[in-house]
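Here is a short report on one protein chain.

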Amino acid sequence: MDIIKTAKEVEKSIINWRRDLHQIPEIGLNLEQTSQYVIKQLEEMGIEYRKNIGVSGIVGLIKGEKPGRTIALRADMDALPIKEETGLTFASKNGNMHACGHDAHTAILLGAAKVLNENKDKIKGNVKLIFQPAEEGPGGAKPMIEDGALKEPKVDAIMGLHVGNLTENSKEGSIMISYNNMMACLDRFKLKLIGKGCHGAYPETGVDPIAMAGYFISNVQSIISRELSPTDPAVVTIGKINGGFAYNIIPDSVELEGTVRAVDQKVRENIAKRIEDFAKGISETMRGTYEYEYVFGYPPLVNDKEFTKDFIESAKKIIPEEDIVEMKKPAMGGEDMAYFLNEVPGTFFFMSTPRAVNGEYYPHHNSKFDINEEILWKGAALLIQGAMDYLEKI
């Protein structure tokens with residue numbers, strides 16, 4: 001099978017699917033229109049599926065003519081609560097927006113599904129199609145796994161991709177790969193520093209939580225700068241602080257919220273503990289107390305080294321070798337594809353698809369984010385080639 005040729009044959013369909021999906025963006029786990037759209041395409045292709053997996057996820061199954069292993073291909077379907085400002089003729093008008101390329105991911109997977117299903121006589125084993133909700137939050141991969149997305153038949157490996165304007169100088173159509181730790185965890189913490197309110201003119205009669213917060217903010221970054229190896233990427237960011245109601249009153253408490261990003265599980269767990277240590281030490285030293293909540297979100301995304309090596313050899317059949325770029329550093333963003341990769345070996349890769357809006361390239365999660373649709377067929381071809389090669393290998 002000439003995979004490049006067959007992928008190009010479904011290029012127009014991929015673009016049309018992407019544009020249809022772009023106009024009906026939905027967020028979170030409740031993707032009623034999006035899921036129905038995907039189901040309609042699978043039914044037209046004659047692909048069996050299970051719906052309502054992890055609330056609104058869909059799992060399709062293509063059975064090859066010969067017995068063998070099972071590989072899963074995953075795409076996320078959800079959008080963001082952003083009002084679109086791209087000026088596209090097919091722009092969303094419902095207040096949400098596919099500002100992260102998930103419409104393209106879904107369309108690419110539909111394109112791969114069409115080609116694979118039409119050539120299932122050449123497939124040894126099975127291909128699962130995982131259409132996942134809620135990647136942007138609250139998370140759809142874990143509920144799908146709990147609902148059996150990786151079972152019946154048992155999945156042996158998995159692949160996924162992410163499109164967009166990846167780096168400032170990335171070449172159109174190039175891909176970025178990583179042999180191991182590729183993306184960070186996505187954790188959140190809440191801290192309440194509790195003091196005793198009083199008049200600002202008489203601070204000795206109270207316990208000042210704003211002062212506690214100042215010490216905490218100033219000192220918590222020493223976890224990163226003095227307790228971790230400089231070669232262990234990690235971030236602690238406080239993005240929200242709320243306390244006080246009058247210029248001359250010391251409040252009873254101050255609340256802070258922040259995020260932690262780390263690419264190593266042990267580092268992640270240590271940071272969670274040390275943030276509380278700082279909160280406890282500072283609040284007690286300053287005669288106050290504290291309340292602390294740490295939410296372990298998406299885990300670090302770790303690719304399987306051997307699978308990734310094999311995928312690169314497959315990718316060379318689709319794109320020039322110079323367009324396959326190894327990431328030298330992990331990305332500090334989070335991705336719940338990590339849950340799937342914790343369960344089975346596989347790989348996740350980035351594909352550069354930048355498109356300017358009014359002469360400027362915009363990043364993910366921006367109201368003017370857009371992608372170059374002419375490159376999407378390559379994403380389908382890469383998934384098809386990777387899946388076929390994996391299933392052929394004994």
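## Exposed and buried positions

Thr285 is exposed, with a relative accessible area of 67%. Exposed means over 50% relative accessible area, buried under 20%, and partly exposed in between, with a 1.4 Å probe and protein chains only. Thr285 sits in helix H8 (residues 265-285). Helices (H or I, at least four residues) and strands (E, at least two) are DSSP runs, numbered from the N terminus. Glu204 is 81 residues away from Thr285 along the chain, and their C-alpha atoms are separated by 15 Å.

The model is predicted: local features need pLDDT of at least 70, side-chain atom pairs count only at pLDDT 80 or more, and totals for chains, interfaces and linings use all residues. Residues are numbered from 1 along each chain as its sequence is written, and side-chain values use heavy atoms, with hydrogens and water left out.

Glu343 lies in helix H10 (residues 337-343). Glu343 is exposed, at 52% relative accessibility. It touches Ile145 and Leu150, not counting residues up to four places away in sequence. Contact means heavy atoms within 4.5 Å. Asp156 is 187 residues from Glu343 in sequence, yet the two are 9.3 Å apart in space, C-alpha to C-alpha.

Asn165 is buried, with a relative accessible area of 19%. Its place is the loop between strand E5 (157-164) and strand E6 (175-177). Beyond four places in sequence, Asn165 is in contact with Pro354, Tyr361, Tyr362, His364 and Phe369.

## Domains

The domain assignment gives domain 1 (3-182 + 300-392) and domain 2 (185-298). Such bounds come from an automatic or database assignment. The domain centres, taken over C-alpha atoms, are separated by 38 Å. The contact takes 15 residues from domain 1 and 13 residues from domain 2. About 950 Å² is buried between them, and carbon and sulfur atoms give 64% of that area. Buried area is the accessible area (1.4 Å probe) that two parts lose on being put together, summed over both. On the domain 1 side, Pro300, Met332 and Tyr339 lose the most area to domain 2, together 58% of what that side buries.

An unreviewed UniProt entry carries the annotation "domain: Peptidase M20 dimerisation" for residues 188-280. Over residues 188-280 the chain is 35% helix and 33% strand.

## Cores and helix H4

The largest nonpolar core has 67 residues. Such a core is a set of buried Ala, Val, Leu, Ile, Met, Phe, Trp, Tyr and Cys residues joined through side-chain atoms within 4.5 Å. Helix H11 (residues 376-392) gives the largest share of this core, eleven residues. Apart from this core lies another, of 26 residues, among them Cys185, Leu228, Val236 and Phe278.

Phe311 is one of the residues with the most contacts inside the largest core. Its contacts include Met159, Ile175, Phe349 and Leu382.

Helix H4 (residues 102-118) is largely enclosed by the rest of the structure, because 15 of its 17 residues are buried.

## Backbone details

| Cis peptide bond | Omega |
|---|---|
| Gly137 to Pro138 | about 5° |
| Glu152 to Pro153 | near -5° |

Pro138 is in the loop between strand E4 (124-132) and helix H5 (141-146). Pro153 is in the loop between H5 and E5. Glu152 has a positive phi of about 50° although it is not a glycine. Glu152 is exposed, with a relative accessible area of 67%. Asn358, in the loop between strand E16 (346-352) and H11, has a positive phi near 55°.

Technical notes: UniProt positions renumbered as here; feature names shortened; annotations may be inferred.
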